[in-house]
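This briefing sets out the contacts, cores and local backbone features of the structure shown below. The points are grouped by topic.

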Amino acid sequence: MSATITPYRSQVQAQAARAGFPQLLRAEWTKFRTVRGWMVGLVVAALALVGVGVLSALGSHRSCGGPNGSITCPSVPVGPEGGMVTDRFYFVHQSLAGDGSITARITGLSGKEPWSKAGVIVKNGTGQGSAYAAVLATAGHGVRMQYDFTHDTAGLSGAVSAGSPRWLRLTRSGDTVTGYDSSDGSNWTLIGTAHLAGLPSTVQIGMFATSPDAVQTTSSSFGSSSTTGGPTLATATFDQVGLQGGTSGAVWKGDEVGGAQGGPVVGSGGPGAAGSGATGGNGSPTSEGFQQDQATGAFSIRGSGDIAPSVGGPLGDGQAVERSLVGTFAGLVVVIVLGTLFITAEYRRGLIRTTLTASQGRGRVLAAKAVVAAAVSFVTGVVAAAVALPLCMHILKANGNALYPIGLLTEVRLVVGTGALLAVAAVLALAVGTILRRGAGAVTVVIAMIVLPYILATASVLPAGPSEWLLRLTPAAGFAIQQSLKAFSQVAGVYTPTNGFFPLSPWAGFAVMCGWAAVALAVAGYLLRRRDV
Amino acid sequence: MRLALHAEWTKLRTQPGTAALLIGAVVLTVGLSTGVAAASSTSSASDPAKLALTGIYLGQIAVASLSVLVMGGEYSTGMIRTTLGAIPRRWTVLAAKATLVAGAAAAAGVVAVLGSLLAGALILPGHGFTVAHGYPPLSPSDGAVLRAAVGSVLYLALIALLSLGVATAVRDSAAAVGVVLALLFLFPIVASVVSDPHWQRHLQQIAPMTAGLAVQATTGLRSLPIGPWAGLGVLAAWAAGWLLTGGLLLRLRDA
């Protein structure tokens with residue numbers, strides 16, 4: 001009925017209704033693709049992303065110093081779960097066939113590092129990277145049960161001394177190894193259970209001691225904080241060692257697991273050796289080895305190294321794969337310029353008046369522009385990252401670098417995340433461009449918001465605290481989505497952004513960046529509706 | 001040339017944003033310097049002069065924007081045709097603009113650097129940077145501190161010249177700012193990822209920002225990838241190269 005009253009108006013409305021959001025999207029996409037410079041810009045962004053990554057990969061060689069100049073680096077051991085590991089310790093062991101258990105009292109542990117550790121262990125042979133489960137005392141983190149390098153469960157707290165010793169026990173039953181600790185030897189507490197899949201019938205069981213390299217961070221000139229570490233030694237004393245099950249008797253064998261190849265294997269000792277403490281090692285307290293006191297049966301074991309996942313950083317053996325994506329910063333700058341120009345060019349040419357006249361609702365125009373800008377940036381980023389990641393990983397490996405292996409899911413996250421990073425940056429640039437209506441100002445502001453905090457946080461000009469907050473609060477937090485390394489609490493690594501560790505988890509960091517873009521877009525939409533053009 | 005200078009001065013003076021950007025450069029520089037000084041500790045930094053002048057990282061962005069707008073703004077409004085119609089000698093126009101932006105940047109730089117050093121001198125002793133701990137007071141009478149201060153002012157002037165050259169070559173403000181900031185920021189990021197120490201050193205030696213800011217160092221000069229004045233020389237070479245490129249393109253192209 002109303003249609004007959006106002007036929008003319010209804011006609012206009014029908015037309016306007018046809019110009020819906022898809023039409024708006026199509027209009028904006030047409031505007032974008034018909035500016036040749038912008039399409040060239042997308043290609044430049046992709047080439048920059050790949051090219052900068054390739055350049056940095058070409059400049060990354062790994063060489064290891066040997067006595068006769070640099071040598072080929074030894075391969076990094078890989079743990080049962082596929083990750084690179086550190087597996088160096090002094091192992092006093094014997095064979096255990098079938099089920100059994102070991103109990104020992106640890107009465108002292110001298111090691112300066114908080115994660116110097118010693119305890120009882122069940123391990124699949126003496127090769128590096130083989131499966132294991134251990135109950136151990138640490139210098140600064142109490143008793144722990146650890147297995148297969150990445151798993152770590154806390155037991156009794158407090159330091160070990162002759163006055164407050166710790167009883168440690170491991171029981172092996174098939175694939176299952178169970179750890180217990182006790183402060184008096186009679187009341188036992190279960191710490192945890194490890195299922196070591198495929199553990200053979202015969203394993204090595206015994207005691208070990210080890211102490212990780214010292215970590216010392218010193219700030220230096222712009223761009224890097226160098227870290228020097230040196231090997232450290234831990235000495236542990238055990239007594240009341242008890243074995244159950246099919247062991248090879250009372251003969252203990254000492255091995256430096258992961259020790260220098262070809263070097264003298266520090267001696268095997270046993271209770272049969274004459275005198276007290278005459279066997280094992282060369283007697284020097286600064287080298288690895290073990291001694292057994294004939295009278296008391298007590299062991300003294302000296303070890304150096306670590307049984308832990310390998311983490312990145314100057315002490316790490318490998319490199320994070322996201323180094324391949326360092327070109328993201330170059331692509332980001334191009335995308336920010338494009339995102340800004342997508343709106344400021346309309347202001348400069350006056351096209352914005354046509355655009356806003358032709359469509360209903362200014363908010364929808366902005367939304368359409370945001371969708372187009374995000375989509376083209378996302379596709380550019382994903383395509384470029386999908387090329388750059390495998391290509392640069394190949395070059396890095398060819399240059400002798402060991403890369404931390406990542407799963408397929410992580411690889412997908414790095415590639416898609418790079419695209420998403422560019423997309424959100426483009427939307428942020430579009431929003432700031434709408435707010436400021438000036439290209440140069442908007443580009444400056446957005447780059448200063450995204451790239452500058454990252455530089456300030458990683459260039460060691462700021463202390464650690466403010467640096468971390470910069471990467472939590474500013475849009476630069478979004479770079480967290482490219483991190484592939486996992487920090488482990490049981491390794492005192494150098495967990496800084498330069499080494500690939502961000503204060504926020506990948507998606508949390510990305511959410512912070514999205515938050516900035518959303519707020520900027522909301523302000524832009526509000527101003528676009530309020531202001532004349 | 002005098003007339004060209006006068007014309008450019010009038011444009012710079014009356015262009016909206018000039019004052020805001022210059023004041024912004026000073027405020028950003030002093031603000032960041034003060035913040036960093038307040039958060040500093042002797043364990044994380046060892047060079048009080050460099051620490052007190054950290055704000056240049058932020059201030060240079062405002063200077064670069066101003067400088068880009070001096071040329072890019074003319075292209076976006078079409079003013080460049082009037083300018084070149086009035087003064088057909090294009091090198092003269094560019095020289096006049098270069099003189100003015102460098103002068104404006106240096107003027108803002110003097111205020112910003114003095115403010116930053118003053119803030120540093122007031123705050124840093126409270127954070128352990130005292131004579132008793134082996135840190136000389138931040139005073140311009142100290143040769144190294146004077147070099148850092150004068151060098152920082154010159155650094156800002158050179159950034160202004162570099163930006164002007166880029167804007168003249170690119171002819172679009174937004175794209176020019178993108179190029180300038182990419183030149184400044186990408187080198188240190190790539191250098192931090194490259195693991196080969198030789199490549200890292202070379203990248204830091206040719207990077208306009210890293211090399212240029214070497215002039216701020218007052219301690220540990222031996223460990224710097226490049227000497228203070230040589231580093232500023234690298235930045236000067238970048239600025240000269242871009243000004244030359246921009247000038248040639250301005251001379252050869254239609255406006």
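A salt bridge is counted where a side-chain nitrogen of Lys or Arg lies within 4 Å of a carboxyl oxygen of Asp or Glu. By this rule, the whole structure holds 15 salt bridges over all chains. This is a predicted model, in which local features need pLDDT of at least 70 and side-chain atom pairs count only at pLDDT 80 or more, while totals for chains, interfaces and linings use all residues. Residues are numbered from 1 along each chain as its sequence is written, chains are lettered from A and ligands numbered from 1 in the order in which they are written, and side-chain values use heavy atoms, with hydrogens and water left out.

**Interface of chain A and chain B**

- Chain A brings 38 residues to the contact and chain B brings 41 residues, where contact means heavy atoms within 4.5 Å.
- About 3300 Å² is buried between chain A and chain B, and carbon and sulfur atoms give 72% of that area; buried area is the accessible area (1.4 Å probe) that two parts lose on being put together, summed over both.
- One salt bridge is found across the interface of chain A and chain B: R348(A) pairs with D172(B), with 3.0 Å between the closest N and O atoms.
- Three residue pairs, both members at pLDDT 80 or more, are in polar contact between chain A and chain B. A polar contact is a pair of N or O atoms within 3.5 Å; within protein, one must be able to donate a hydrogen and the other to accept it, and residues adjacent in sequence count only if both atoms are side-chain atoms.
- Helix 4 (36-58), helix 5 (328-349) and helix 9 (439-458) of chain A each supply at least two residues of the side of chain A that touches chain B. Helices (H or I, at least four residues) and strands (E, at least two) are DSSP runs, numbered from the N terminus.
- Helix 9 of chain A gives the most to that side, with 11 residues.
- The side of chain A that touches chain B comprises 23 nonpolar, 12 polar and three charged residues. Here Ala, Val, Leu, Ile, Met, Phe, Trp, Tyr, Cys and Pro count as nonpolar, Asp, Glu, Lys and Arg as charged, and the others, Gly among them, as polar.

**Nonpolar cores**

- A nonpolar core is a set of buried Ala, Val, Leu, Ile, Met, Phe, Trp, Tyr and Cys residues joined through side-chain atoms within 4.5 Å; buried means under 20% relative accessible area, exposed over 50%, and partly exposed in between (1.4 Å probe, protein chains only).
- The largest nonpolar core has 170 residues, and those with the most contacts inside it are I450(A), V451(A), F479(A), Y155(B), L184(B) and F185(B).
- Helix 7 (residues 362-398) of chain A gives the most to this core, with 16 residues.
- Not counting residues up to four places away in sequence, V451(A) touches F329(A) and L332(A) as well as F185(B) and I189(B).
- Another core, of 35 residues, lies apart from the largest one, and its members include V92(A), V122(A), A133(A) and V143(A).

**Salt bridges within chain A**

- D239(A) and R105(A) form a salt bridge, their closest N and O atoms being 2.9 Å apart. This pair links strand 14 (residues 234-247) with strand 3 (residues 85-110) of chain A, 134 residues apart, and both residues are buried.
- D152(A) and R144(A) also meet in a salt bridge (2.8 Å, N to O); R144(A) is buried, at 14% relative accessibility.
- K369(A) pairs with E346(A) at 2.7 Å between the closest N and O atoms, joining helix 7 to helix 5 of chain A across 23 residues.
- K369(A) counts as buried because its relative accessibility is 0%, and E346(A) is likewise buried, at 4%.
- E28(A), K31(A), E346(A) and K369(A) are linked in a network of salt bridges.

**Local features of chain A**

- T344(A), in helix 5 of chain A, is buried at 5% relative accessible area. Leaving aside neighbours within four places in sequence, T344(A) contacts G433(A), R437(A), R438(A) and G439(A).
- R437(A) has a positive phi of about 60° although it is not a glycine. R437(A) is in the loop between helix 8 (408-436) and helix 9 of chain A and is partly exposed, at 32%.
- D148(A), also not a glycine, has a positive phi of about 45°. D148(A) is in the loop between strand 6 (143-147) and strand 7 (151-154) of chain A and is buried, at 9%.
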